[in-house]
Amino acid sequence: MASADTERGFTFAFQSSEGEKHAAKGRPEQSLLSALRNSANVFGEEEKKNEGKTIQLLEREHLRGALNLGLPCRCLPENAHLEVLFAGSGGGSQGREDVAGDQECAMFTVASAPGILKDPESGMDLCVFALGGETAGEALSKDGRFLPEVGGAGWQLVERQSRQAFQLTVAAKQLQGGAYELGSGEAGACGQASLPGGRPNLCELARELDDYLKGRPGGGEPWEAAQKEFEELTGGNVPNRVPSNIAKLPMGMNESVGTLSWNRPGNEGKASCFHLAQGHVLTCYHAVKMMVGEGVPESEWGAVVREAATVSFTFRTTGETQWKLASLKAVSPELDYAVLALEIPEGRGAELRPGLATFATKPVAQGVVYTVGRQFTEALVLVPLSQEEDDDLSGRQSFQAFSGNTFAQQARPERVPYDKEFLHDPAASGSPVISYYGGLVGIHAGGYKYKERVVEFGPTIQAIAASINAADHPLYQQLFATKSQKGRCSIM
């Protein structure tokens, strides 16, 4: 950081100006916004042109986040370069307005997520700064970009790598340089924390499971009764898995399931996906996030996907056709899905497998479904819903189910931890979930630990379709509103 008596110089460029750099400088205690206005006429001219819009300052190389406009210049790293955006309408927070003086400055980053911000940001992390001995909660409440309720009772910061949780009463300087996710809701009786903008509410799922197990008839142990029901419904002892290439599914639906592979320096991996419709595949958001790595803003994910990823579908030949990816069309961290468009060379469209969107249907209340992975097809038994929900599934966004792994003594060895609360199976994550009658009802997203057992879960295809429709209606029309779909049960 700069000393207390030297000016801090930096450069900036407007996002719309193709990277032309301008110089600026400010006193150590001066805010970035003040420094830009006072030392660079070009900034003032551009600000007038975009009057009423929210100003965003991004620093991609060192801090890798959206800066608070009130950040003291002394907190900038050496050779900082800022990207200036004017977004939205009606104006937004102009940042903290404290007089920094010679107070010590600490900074940490918080992941951008729906439900915590007043105004849309760029998709990058938010750099939060604290002055003197402020706590993390005080820094968040003074930041100006978060909703008023953020930072109150029950909120915490979870470090991305270690998954260590910090209460907001911790001194901000203890978080210096760290990257965190901001979560609401303390761990409840189910022992799972709710983290908005990237995690399902595992507490809610576990409570639903609690209610089901408590309601089991008879005096036997609830898990014994659940396992017996599982074996009766699936027709055999656990586990119940068969290779996907021999699974007998309606219309050869397993042929539409593929592998999403990526290969980047120091980062190779695979996940499942399936052809949804019109050359678009559906997979999990967390799989794409694993592909691009930490610290990459969503605005740059498409370029990474095009460069690093391929998709293959064929089960029965050793020389599989590799499809490149053209673009990332839609993502949702809340529902954990991503839609990717394949690059289809002229004349090769006929090689695509059938699109499973044709078979999309409303959630199933209970019974057997099948998750069709790249390697295995596995029978799942849905956790029965409450009586109140049985007749109306219109608001159902997720499902949870028992698998053979739920009742096994140990988790399958190919499972690996994913962000502590999750268990991620590379052979299943992103797979379609098919009902007994051949309807596409959801995608498999992972598993969570419930009293030392693994319970599977994922978003419903109904919720995914509704999400795409709200964000990009033309894309929804392209994927789900085909002639063949109109003759079937509507998912909306």
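Guide: A salt bridge is a side-chain nitrogen of Lys or Arg within 4 Å of a carboxyl oxygen of Asp or Glu. This is a predicted model, in which local features need pLDDT of at least 70 and side-chain atom pairs count only at pLDDT 80 or more, while totals for chains, interfaces and linings use all residues. Residues are numbered from 1 along each chain as its sequence is written, and side-chain values use heavy atoms, with hydrogens and water left out.

Visitor: What makes R145 and D143 a salt bridge?
Guide: The closest N and O atoms of R145 and D143 are 2.7 Å apart, and the limit is 4 Å. The pair therefore meets the definition.

Visitor: Why is R145 called buried?
Guide: Buried means under 20% relative accessible area, exposed means over 50%, and partly exposed lies in between (1.4 Å probe, protein chains only). R145 has 8% relative accessibility, so R145 counts as buried. D143 has 1%, so D143 is buried too.

Visitor: Which residues form a salt bridge with partly exposed partners, and why are they called that?
Guide: E29 and R27 form one, with their closest N and O atoms 3.0 Å apart. E29 has a relative accessible area of 30% and is therefore partly exposed. R27, at 42%, is partly exposed as well.

Visitor: How many salt bridges are there in the whole structure?
Guide: A search finds 13. Among them is the one between the side chains of E255 and R353, at 3.6 Å from N to O. That pair links distant parts of the chain, 98 residues apart: E255 is in the loop between strand 11 (241-243) and strand 12 (257-264), and R353 is in the loop between strand 17 (337-342) and strand 18 (367-372). E255 has 18% relative accessibility, so E255 counts as buried.

Visitor: Why is the disulfide of C75 and C105 called right-handed?
Guide: The torsion about the S-S bond is about 140 degrees, so the disulfide is right-handed. Both ends are buried: C75 has a relative accessible area of 1%, and C105 has 16% relative accessibility.

Visitor: How do you know where a strand or helix lies?
Guide: Helices (H or I, at least four residues) and strands (E, at least two) are DSSP runs, numbered from the N terminus.

Visitor: What makes strand 5 largely enclosed?
Guide: Five of the seven residues of strand 5 are buried, so the rest of the structure largely encloses strand 5.

Visitor: How do you know that strand 5 pairs with strand 1 (residues 8-14)?
Guide: Two strands pair if DSSP finds at least two bridges between them. Four bridges join strand 1 to strand 5, and they run parallel, so the two strands pair. Here F12 stands opposite L82 of strand 5. Strand 3 (residues 54-59) is joined to strand 5 by five bridges and runs antiparallel to it. I55 has F86 in strand 5 as its bridge partner.

Visitor: Which strands make up the closed barrel?
Guide: Six strands form it in the order 12-13-14-17-16-15, with antiparallel pairing. Strand 12 and strand 15 (residues 309-312) pair over four bridges in the antiparallel sense. W262 has A309 in strand 15 as its bridge partner.

Terms used:
A disulfide is a pair of cysteine sulfur atoms within 2.5 Å.
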